[in-house]
2 protein chains.
Amino acid sequence: MKIVVVGGGFAGLACAKALGGSEHDVVVIDKSNHNLFQPLLYQVATGALSPADIAEPIRKLLKRYPNVTVLLGEVAGIDPDQHQVRLQDGTTLSYNVLVLATGARYQYFGHEEWAQAAPGLKTIANARDIRGRLLRAFELAELSQDKQEQQRLTTTVVIGGGPTGVEMAGAIAELGRWTLKDEFRRIDPACARVLLVEGGERILGQFPAELAQYATEQLARLGVTVLTGRRVRDVTAQGVTIDEEFVPAGTIVWGAGVAATPVAQWLGLPPGPGGRVAVDRHLAVKGVSDIYALGDIALLEQDGQPLPGLAQVAKQQGEYLGRALRQGWEAAGEFRFHDRGNTAVIGRHAAIFDFGRIKLKGRIAWLLWAIVHVYLLVSFEKRLLVSLQWLWRYVTRARGVRLIP
Amino acid sequence: MKIVVVGGGFAGLACAKALGGSEHDVVVIDKSNHNLFQPLLYQVATGALSPADIAEPIRKLLKRYPNVTVLLGEVAGIDPDQHQVRLQDGTTLSYNVLVLATGARYQYFGHEEWAQAAPGLKTIANARDIRGRLLRAFELAELSQDKQEQQRLTTTVVIGGGPTGVEMAGAIAELGRWTLKDEFRRIDPACARVLLVEGGERILGQFPAELAQYATEQLARLGVTVLTGRRVRDVTAQGVTIDEEFVPAGTIVWGAGVAATPVAQWLGLPPGPGGRVAVDRHLAVKGVSDIYALGDIALLEQDGQPLPGLAQVAKQQGEYLGRALRQGWEAAGEFRFHDRGNTAVIGRHAAIFDFGRIKLKGRIAWLLWAIVHVYLLVSFEKRLLVSLQWLWRYVTRARGVRLIP
């Protein structure tokens, strides 16, 4: 059977691995050549890690399975009737089973023009871009003779109070307060402002209120101004309009909303909430045949709630589907997500963990966060490199990757 | 006294460090925010190291000297009479003493249009670009169904048989033969062709003939085709015309000729060979006052030979000038370059060293090369990270940084 997997993220990779060494002929297509460990992408964006520390070539990860072919390509369209995928370069691939795992991207609620001034954080290119913007803003402030312009340049606005927004705001505050300290002569990076803007009543809406409260306090301790229940009205290269107030800013980071890649459109199906496509308990897309959807693009309810767009959901779905395609549906049963706990880190000694009944915060949560994230990296070499850089940063408060861009 | 140093490379950094803590007011200007360890740039271009492993922020390196200010900026012009430097953004800086250390860039002998298809290797951006081209060529070959196109894509031509060309050719051959082995299904990366083209009679013209001969043999052992006494007539995105023969190629790397940055033009002086400006034994530029030139832009003869464009020349000149400006010319005396030996590496277990009377090649030279290069890195963290990645690569033959771009 010919199985085409589109997307080499957590879901697609897990599915391909589960199919590795099987009798099926598997093709994995991704528009980038690497699998990215997105949970640490904010550390690349803030100069703490190198891109390669959290990215591995997909073909290297699947090298040992001779039945798996990896292709660099971007999907242009799908013909569900003909069972064909068309790539941007004109190549056409036939399939017996198609697995879609193309993930989510940032959306700007109808203001796509904001993307230029306020990049989201999904790819290595995004992270390099944001790192360059942050560091360049401090450089331009040092060059400037104008106090107001210096203040604008050293102000960062992070839009969206989810885990990514919280992690970015915390890391940016630490960058100014600690890493860049004493390196400038005309500005004081420790006085740099960081604003975190959230439209909802509180940040970290998916976490219990007490953990969110703790995160808010920790952000305040780092000097981050947390604004909740405030709407972003406009975003330009010069700053952000929050409700009626214009806040001049040198760097703006978007972490406010994601939407599925246009899978519904490819399949000619009506998109669900967030552009997702509805799947059944076998992860098969409803309304077409032989097509499955995994991860951020799949809409699946469990216990009356749609499953969230998390790495662990994607990974478990990929593993399940790979196993099911290999061993049959009877052996696999229906898909069920098992929550392994939810975490976010604010900064040094400060993280939160929500395991349902057990909730952790502070130093222990922070240490656990670090151990879990090192463990989840795909290779031994990366684990060693990341651990070493974290230890070094812990001792010196330096950040080793301060390249523009 | 106000001293403006333009360029934060080996020469400029050494000069600024020597002036650190002195009574002078020092400003260092560079168009990038980092000091780059160029001797290992070819390893970034071939996916063995991350850019940050060989680059440190200039302001971090000079952080401890309160009398030194670092500015990100590019020189637009110099007014030697008014003693002023003008930057691209319009900023003007006055100086009592101006130190120029802006280095060299690749030149294409009047064929600047070749730069698009055949990038040189001078900056981090260049290295990322070349890495992306190399890896993408293999990806496109795997996608292609056409044997001829696959062969073109997996052919790399390196133009210029100096140390950079030799190091690039060797590393690219190892990339195909070892690193990418077993990862492709439709092509065999071990069959990828690498050509090294040199216009002169032999490669590594600045090394003794016996060492160059050894390097040629080692390149052949890795599968590199070395062509000497051959002229490049044309370069396009499709390949290289060598004498009358067109060689289709997927990646082309330029390492054939460098020229000084346009310092002579800034100063209104006639450029010497390679665009350099003549300096006296105190490294003062002849024909203007209070302006010094260091490194690749300075033309200085010693024992009847112009000093070569090497890192060690640049560094020694920077140290000398900083000391002279601090302690006076009498204490400093005249500049004299002390040759610490010249080296190039071909690949695993194969390097050459020329210490004048003593010549080394093979395993011992290779080990010494590695130790010297780790030692020369600017910080302890980088030494640790690079050593670790080298050990890992030595054992596994993997390369950890295979991102496109």
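**Close-up views of a predicted two-chain model**

**View 1. Crossing of helices α1 and α9 in chain A of the predicted model.** The axes of helix α1 (residues 10-19) of chain A and helix α9 (residues 311-327) of chain A cross at roughly 25° and come within 7 Å. Because angles under 35 degrees count as roughly parallel, α1(A) is roughly parallel to α9(A). The crossing of α1(A) and α9(A) is right-handed.

**View 2. Residues where α1(A) and α9(A) meet.** From α1(A), the residues in contact are A:Phe10, A:Ala11, A:Ala14, A:Cys15, A:Ala18 and A:Leu19. The residues they meet in α9(A) include A:Ala311, A:Ala314, A:Gly318, A:Leu321, A:Gly322 and A:Leu325. Also among the α9(A) residues in contact are A:Lys315, A:Glu319, A:Arg323 and A:Arg326.

View 3. Not counting residues up to four places away in sequence, A:Val374 touches A:Arg383, A:Val386, A:Ser387 and A:Trp390. Between A:Val374 and A:Arg221 the C-alpha to C-alpha distance is 26 Å, with 153 residues separating them in sequence.

**View 4. Chain B laid on chain A.** The same surface serves both copies, as 100% of the contact residues of chain B recur in chain A. The model scores ipTM 0.95 and pTM 0.96. The average pLDDT of chain A is 97, and 100% of the residues score at least 70.

Technical notes
Residues numbered from 1 in each chain as written. Chains lettered and ligands numbered in written order. Predicted model: local features only at pLDDT ≥ 70, side-chain atom pairs only at ≥ 80, totals over all residues. Heavy atoms only, no water. Contact = heavy atoms within 4.5 Å. Least-squares fit on C-alpha atoms with pLDDT ≥ 70 in both. pLDDT = per-residue confidence, 0-100. Axes fitted to C-alpha atoms, helices over the stretch in contact; angles between N-to-C directions. Helix = DSSP H or I, 4+ residues; strand = E, 2+ residues; numbered from the N terminus. Parallel < 35°, antiparallel > 145°, perpendicular 65-115°, else oblique. Left-handed = near helix turned anticlockwise from the far one by under 90°.
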